[in-house]
Amino acid sequence: MDFDLVIKNGTVVTASDIWNSCDIGIKHGSIIAVGTNLPCKDSGIETIDAQGAYVTPGGIDTHVHLSQLYEASADSLMKTQITDGKIPDLANYMHDTYDTGTRSAVAGGTTTVVTFASQLRDDDSLVPVVEEYHKLADGQSYCDYAFHIILSNPTKKILEEELPMMVEKHGITSVKIYMTYKAFQLKDYEILDVLHATRKLGVTTMIHAENADVIDWMTEHLEEQGMTAPHHHGTSRPPIVEAEATNRAISFAELMDAPVLLVHISGGHATRIIREAQTRLLPVYGETCPQYLFLLADSMKKEGFEGAKCVCSPPIREEAADQEAIWTGIQNGTFTTLSSDHAPIKYGFAGGKLRGLAHGGGPEGKFQYIPNGLPGVETRVPLLFSGGVLEGRISPQKFVEVTSTNPAKLYGLAKKGTIAPGFDADLTIWYPQETFKPFKLTNEMMHHSIDYTPFEGVEFKNWPRYTLVRGKVVFSHGEVVGELGYGKYQKRTKSTLAGPRDKWLSEWRPAYLRKSVNGDA
Ligand code: URP
Ligand code: ZN
Ligand code: ZN
Ligand code: ZN
């Protein structure tokens, strides 16, 4: 057989199987053969020796914010920014671009990112929004990429005319909606509008489930008592705030018979609600992130203002029991995907000011002014491999399932997510375990453009040795060797996981499902 590249003798892992001493034959960017002793010895075909090393499908990170404006927790700040129509300074800006963000992705074994084209409340069309993100990404990516749309103004025109066009023309088959954050938050009525439209189109709706009113009430009352330090971000939204909204979101999804994915789930309570829905066979999916598996709320209690680095929403939890519940949710399949929620906001920005201290927060800062989110696109895959697989918490197959295979199926990346003939040769090759010297992570090792990592000091027992995107080595032995602009936009198909069931809670159903126009069906 004629190959461009053969990966020799790896321990090849898919979501279902492990093969020892297995070769992968690659031609024109695709995997064309998987087997033992593929012929390539003296033919001058390029080879990579993977003896003694795991070879896994490249990571697919389906929750990555790049070059995105205005995501923050402070309502007043967002209003100023949005009405001004300009960024006052660098706070509250997702600072990694497609260049630095995807450089960071490949350096951590990720080969495809799905980022957000973000509609703001006063954008009355999605067309310029998606065009703008195409412009930002085109020719600027080291790995393959696709877009979700953040819907924050779901008008009739957008849902009925523009969204179908986004599916057809751009292959965008998922949207994210918010139940919190003033600049994005939808009313319950609007959530029903969105689910009604997405069900018809076969689009998956990602939902950020937190109760905005509870957060506002708690924030105000904490401020009255002077409880404004960074970690009180967590005090203001205990697990029940996520659980209540998760339950509400699932209720709407059941009412509308529409598939949903609950994003960045942080607590045991919400996890159990999702599991219960799945047990009833509702098309309800769950996503969690490494910060909820590997960090606890003490990361927000560092000296001075340092805790601001670990402020994200939902917050990193106080109780080890929540963290355990998230691990259990990975193990038992409640979580379909593990994403980073890479939200690259710098700690120090313009004029040496610290994140969240510049906007009416006063010299000590107030948690409500700290922009939410933390960087993690580079650490996601190695964290789960080292802290999950190598610690014996999950199998290599489960690792592949949640970091690559399920994300590909849920979001319709038809040629990605596994190692089999016909699939893109997107691969991560690890170090043979006995040759690897464990190390403690520092931010200097990172390839993002952010001035910290929340995982500073965490020990890693392995790290991707090579990352290949469509058969090309883009990261090797600590160096990004890929070409800027090699990454291609991916038009996606619809989810191949279970969808609507045509089960309804009353006599009501969408008009397009009614067979006769006059009589009652
Ligand atoms: O705190 C977070 N998660 N920031 C990123 C935006 C989001 O809601 O995912
Ligand atoms: Zn979110
Ligand atoms: Zn306190
Ligand atoms: Zn996010």
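This is a predicted model: local features need pLDDT of at least 70, side-chain atom pairs count only at pLDDT 80 or more; totals for chains, interfaces and linings use all residues.

Biologist: Okay, and how many bridges do β1 and strand β5 share in total?

Modeller: Two, with β1 and β5 (residues 54-57) running in the parallel sense.

Biologist: What else pairs with β1 in the parallel sense?

Modeller: Strand β4, residues 46-49, over four bridges. Val 6 sits opposite Thr 47 there. Then there's β2 (residues 18-27), which pairs with β1 in the antiparallel sense over six bridges. In that pairing Leu 5 faces Ile 26, and β1 and β2 make a hairpin with four residues between them.

Biologist: So is β1 largely enclosed or left open?

Modeller: Largely enclosed by the rest of the structure, because seven of its nine residues (5-13) are buried.

Biologist: Switching topic: which strands make up the open sheet, and in what order?

Modeller: Eight strands, ordered β6-β7-β8-β9-β10-β11-β12-β13, with parallel pairing. The edges are β6 (59-64) and β13 (337-338); each has a single partner strand, so one side of each has no neighbour in the sheet.

Biologist: What packs on that sheet?

Modeller: Helix α12, residues 380-389, which touches β6, β7 and β13. The direction of α12 makes about 120° with that of β6.

Biologist: And how many bridges between β7 and β8?

Modeller: Seven, parallel again, joining residues 110-118 of β7 to 144-150 of β8. Thr 112 stands opposite Asp 144, for instance.

Biologist: Where does Lys 176 sit?

Modeller: In strand β9, residues 174-178. An unreviewed UniProt entry annotates Lys 176 as a modified residue, N6-carboxylysine.

Biologist: Buried or exposed, that lysine?

Modeller: Lys 176 counts as buried because 20 other C-beta atoms lie within 10 Å, and the cut-off for buried is 20 or more.

Biologist: Which residues is Lys 176 in contact with, leaving aside neighbours within four places in sequence?

Modeller: Phe 116, His 148, Ile 150, Met 206, His 208 and Val 263.

Biologist: Last one, helices: how do α4 and α5 cross?

Modeller: The axes of α4 (residues 156-170) and α5 (residues 188-201) come within 11 Å and cross at roughly 40°. That makes α4 oblique to α5, and the crossing is right-handed.

Biologist: Which residues of α4 and α5 meet?

Modeller: From α4, Leu 159, Glu 160, Leu 163, Pro 164 and Val 167; they meet Asp 193, Val 194, Ala 197 and Leu 201 of α5.

Note on methods: Residues are numbered from 1 along each chain as its sequence is written. Chains are lettered from A and ligands numbered from 1 in the order in which they are written. UniProt positions are given in the numbering used here, feature names are shortened, and annotations may be inferred rather than shown by experiment. A residue is buried if 20 or more other C-beta atoms lie within 10 Å of its own, exposed if 12 or fewer, and partly exposed in between; C-beta atoms are placed from the backbone. Two residues are in contact if their C-beta atoms, placed from the backbone, lie within 7 Å. Two strands pair if DSSP finds at least two bridges between them. Axes are lines fitted to C-alpha atoms, for helices over the stretch in contact, and angles run from 0 to 180 degrees between N-to-C directions. Angles under 35 degrees count as roughly parallel, over 145 as roughly antiparallel, 65 to 115 as roughly perpendicular and the rest as oblique. A crossing is left-handed if the near helix is turned anticlockwise from the far one by less than a right angle, and right-handed if clockwise.
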